[in-house]
Amino acid sequence: MDLGIKGKRALVCASSKGLGLGCARALAEAGVDLVMNARGVEALEAAAADIRTDFGVEVVTVAADVTTEAGRARLLEAAEGVDILVNNAGGPPPGMWTDWDREDFIQALDANMLAPIALIKALVPAMMERGWGRVVNITSVSVKSPIGVLGLSNSARAGLTGYVAGTSRQIADQGVVMNNLLPGFHATDRMVGMDRTQAEAAGTTPDEIRADRSKSIPVGRYGTTEEFGATCAFMCSQFAGFMIGQNILLDGGQFNSTM
Ligand code: NAD
């Protein structure tokens with residue numbers, strides 16, 4: 001399917017692995033040139049090289065921490081004038097509500113609320129001037145259905161969701177479409193790590209934890225980064241022009257609700 005975005009340019013944050021990489025690859029497949037980002041150089045360069053070979057698009061890489069002001073300044077230098085922004089960063093660590101102090105919340109807010117807002121503020125004005133733009137923020141199922149041990153994530157992402165709900169409606173008449181994409185369990189390094197940690201705590205194997213978690217998903221398995229990326233690419237496509245301020249949940253049906 002031609003998504004109508006061939007020749008556009010996208011900044012995909014935190015995209016050397018996992019869900020961000022899934023989004024980068026799906027956009028590249030649609031003919032979009034990329035600015036890719038991650039903190040570590042090695043995986044980033046390898047992912048970028050694969051994309052150039054597989055899809056023949058231009059890929060610029062910026063190894064930087066998107067949650068810091070200095071990192072974002074370097075990213076914005078490379079990404080000036082992009083048509084598409086995919087916001088992403090690693091999630092905050094798990095813990096107990098009694099563990100977290102002000103500084104923990106500030107860090108989570110910086111990473112999962114204020115960093116995406118800063119990039120939106122920097123890049124959306126030029127999209128509005130050109131009359132076309134797309135923003136997809138990768139958040140989490142935890143926005144709809146809280147995960148107790150991820151209280152820092154629940155809080156920071158809820159803040160971003162509120163901001164996007166209002167702002168997306170303020171920019172829509174200038175051709176800029178902004179929405180959130182909410183992953184449930186997906187088979188990425190982060191999930192493998194979480195399965196491993198839980199297995200150690202429960203004295204079992206990561207495979208058993210994964211099988212157990214999969215039972216709570218009507219589809220019966222974790223999602224793939226390809227499925228996630230394809231949904232993101234659609235949300236960045238010409239066909240998404242009437243979708244504003246939505247929270248698109250990709251969780252295999254795990255969140256049980258009628259609407
Ligand atoms: P991952 O650990 O597999 O990949 C994360 C990617 O982000 C890597 O490329 C890493 O280098 C990069 N990265 C992390 N922090 C960064 C930073 N500060 N600056 C630049 N790059 C950075 O993670 P994932 O599973 O793809 O998750 C992506 C996001 O989605 C996270 O915020 C996570 O909490 C959230 N999420 C994931 C799942 C899931 O099942 N995988 C579910 C819900 C929410």
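Analyst: A helix axis here is a line fitted to C-alpha atoms over the stretch in contact, and angles run from 0 to 180 degrees between N-to-C directions. Helices (H or I, at least four residues) and strands (E, at least two) are DSSP runs, numbered from the N terminus. The model is predicted, so local features need pLDDT of at least 70 and side-chain atom pairs pLDDT 80 or more, while totals for chains, interfaces and linings use all residues. Residues are numbered from 1 along each chain as its sequence is written, and side-chain values use heavy atoms, with hydrogens and water left out.

User: Ok. At what angle do helix 6 and helix 7 pack?

Analyst: About 105°, with the axes 8 Å apart. Helix 6 covers residues 189-202 and helix 7 covers residues 206-215. That angle makes helix 6 roughly perpendicular to helix 7 (under 35 degrees is roughly parallel, over 145 roughly antiparallel, 65 to 115 roughly perpendicular, the rest oblique).

User: Which residues make the contact?

Analyst: From helix 6, Met191, Met194, Asp195, Arg196, Gln198 and Ala199. From helix 7, Pro206, Ile209, Arg210 and Arg213. Contact means heavy atoms within 4.5 Å. By class, this contact has five nonpolar, one polar and four charged residues. Ala, Val, Leu, Ile, Met, Phe, Trp, Tyr, Cys and Pro count as nonpolar, Asp, Glu, Lys and Arg as charged, and the others, Gly among them, as polar.

User: Now helix 1 and helix 8. How far apart are the axes?

Analyst: They are 7 Å apart, and the two helices pack at about 55°. That makes helix 1 oblique to helix 8. Helix 1 is residues 18-29 and helix 8 is residues 225-235.

User: Which residues of helix 1 and helix 8 make that contact?

Analyst: Helix 1 brings Gly18, Leu19, Gly22, Cys23, Ala26 and Leu27. Helix 8 brings Thr225, Phe228, Gly229, Ala230, Cys232 and Ala233. Eight of these residues are nonpolar, four are polar and none is charged.

User: What lines the second largest pocket?

Analyst: Gly22, Arg25, Ala26, Glu29, Phe55, Thr225, Glu226 and Ala230. Helix 1 gives the largest share, four residues, and helix 8 also supplies at least two. The lining has three nonpolar, two polar and three charged residues. The volume of this pocket is about 160 Å³.

User: How do you find pockets and cavities?

Analyst: Rolling a probe the size of a water molecule over the atoms shows where empty space is left. On a 1 Å grid over the protein atoms alone, a cavity is a set of points where a 1.4 Å probe fits but cannot get out, and a pocket is an open set with protein on both sides within 12 Å along at least five of seven lines; lining residues have an atom within 4 Å of a point. Points are joined across faces, edges and corners, and the volume is the space filled by probe spheres set on them.

User: How many cavities of 30 Å³ or more are there?

Analyst: One. The largest cavity holds about 90 Å³ of space. Its lining has 13 residues, and Asn87, Asn88, Ala89, Ala111 and Pro116 lie nearest the centre. Nine of the lining residues are nonpolar, three polar and one charged.

User: Which helix gives the most to that lining?

Analyst: Helix 4, with five residues. Helix 4 spans 102-130, and helix 5 (151-171) also supplies at least two.

User: What does helix 4 meet in helix 3?

Analyst: Ala115, Ala118, Leu119, Ala122 and Leu123 in helix 4 meet Arg72, Leu76 and Ala79 in helix 3. Seven of these residues are nonpolar, none is polar and one is charged. The axes of helix 4 and helix 3 (residues 69-79) come within 11 Å and cross at roughly 35°.

User: Last one: where does Ala14 lie?

Analyst: In the loop between strand 1 (9-12) and helix 1. Phi of Ala14 is near 50°, a positive value in a residue other than glycine.
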